[in-house]
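Trainee: I would like a close look at the side-chain pairings in this model. Please take the charged pairs, then the rings.

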Amino acid sequence: MATKPSSSGPKTKTLHLTRVLNAPREKVWAVWTEPEHLKKWWGPKDFTAPYIKQDLRTGGKFVYCMHGPAGTPFDTDMYSGGEYLEVVPMEKIVATDYFTDKDGNWIDPKVMGMPGEWPEKMKVTVTFEDAGEGKTKLSIVHEGHPAEMASDATQGWNQSLDKFEAA
């Protein structure tokens, strides 16, 4: 007896984002990894990042806080964190990514009110490559987003990267 194929499609998607930035790799690395810079760009347009804590080394952990615009449903502190699986200075960062409390403890996405079927952990890989003439190619691969949230997540990443370029 043949099984009926699912029409629902994949439950998760992998996001791929790439930017060529008009800055040398050393500066791009610093803006990506140093908390005082991260606070200037982490989060979509009109979001702030009031709290960044990290231990940037393989096996180290991080907690980032985003706060949405006043008067919106996101006008609250929202925490995410993870563990660095691989850190190669100036070249690559691979980390888990999940919702946390302010202390970095995992929180079920449903408790956070997130729609869709979120995995317990996602994975983010960020690479930094020389692109010639003082430019850097920044590539992000974010694995595990619920398919129905992929468009919103891509928009959020792009807005964050717009702020990143201005930082």
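Mentor: A residue is buried under 20% relative accessible area and exposed over 50%; partly exposed lies in between. The model is predicted.

Start with Arg57. Its relative accessible area is 44%, so Arg57 is partly exposed. Asp55, at 32%, is partly exposed too. These two residues form a salt bridge, with the closest N and O atoms 2.9 Å apart.

Searching the whole structure gives 7 salt bridges. Another of them joins the side chains of Arg19 and Asp162, N to O at 2.9 Å. Arg19 has a relative accessible area of 15%, so Arg19 is buried. Asp162 has 46% and is therefore partly exposed.

Glu86 and Lys92 form a salt bridge as well, with 3.6 Å between the closest N and O atoms. Glu86 is partly exposed at 30%, and Lys92 is partly exposed at 28%. Shared partners also build a network: salt bridges join Arg19, Asp162 and Glu165.

Now the rings. The whole structure holds 14 aromatic pairs. In one of them, Trp32 and Trp157 have ring centres 6.1 Å apart and planes at 5°; the pair is therefore stacked, since planes under 30 degrees apart count as such. Trp32 belongs to helix α1 (residues 25-33) and Trp157 to helix α3 (residues 150-166), so the pair ties together parts 125 residues apart in sequence. Trp32 is buried, with 8% relative accessibility. Trp157 is buried at 9%.

Phe47 and Phe74 make another pair. Their ring centres are 5.9 Å apart and their planes stand at 45°, so this pair is tilted. Phe47 lies in the loop between α2 (35-41) and β2 (48-54), and Phe74 in the loop between β3 (61-67) and β4 (77-88), 27 residues apart. Phe47 is buried at 14%. Phe74 is partly exposed at 43%.

Ring pairs also build a cluster, whose members include Trp29, Trp32, Trp42, Phe128 and Trp157.

Arg25 is in helix α1. With a relative accessible area of 19%, Arg25 is buried. Leaving aside neighbours within four places in sequence, Arg25 contacts Met90, Glu91, Phe128, Glu129, Asp130 and Thr136.

How values were computed: Residues are numbered from 1 along each chain as its sequence is written. This is a predicted model: local features need pLDDT of at least 70, side-chain atom pairs count only at pLDDT 80 or more; totals for chains, interfaces and linings use all residues. Side-chain values use heavy atoms; hydrogens and water are left out. Rings of Phe, Tyr and Trp (its six-membered ring) pair if their centres lie within 6.5 Å; planes under 30 degrees apart count as stacked, over 60 as edge-to-face and the rest as tilted. Helices (H or I, at least four residues) and strands (E, at least two) are DSSP runs, numbered from the N terminus. Buried means under 20% relative accessible area, exposed over 50%, partly exposed in between (1.4 Å probe, protein chains only). Contact means heavy atoms within 4.5 Å. A salt bridge is a side-chain nitrogen of Lys or Arg within 4 Å of a carboxyl oxygen of Asp or Glu.
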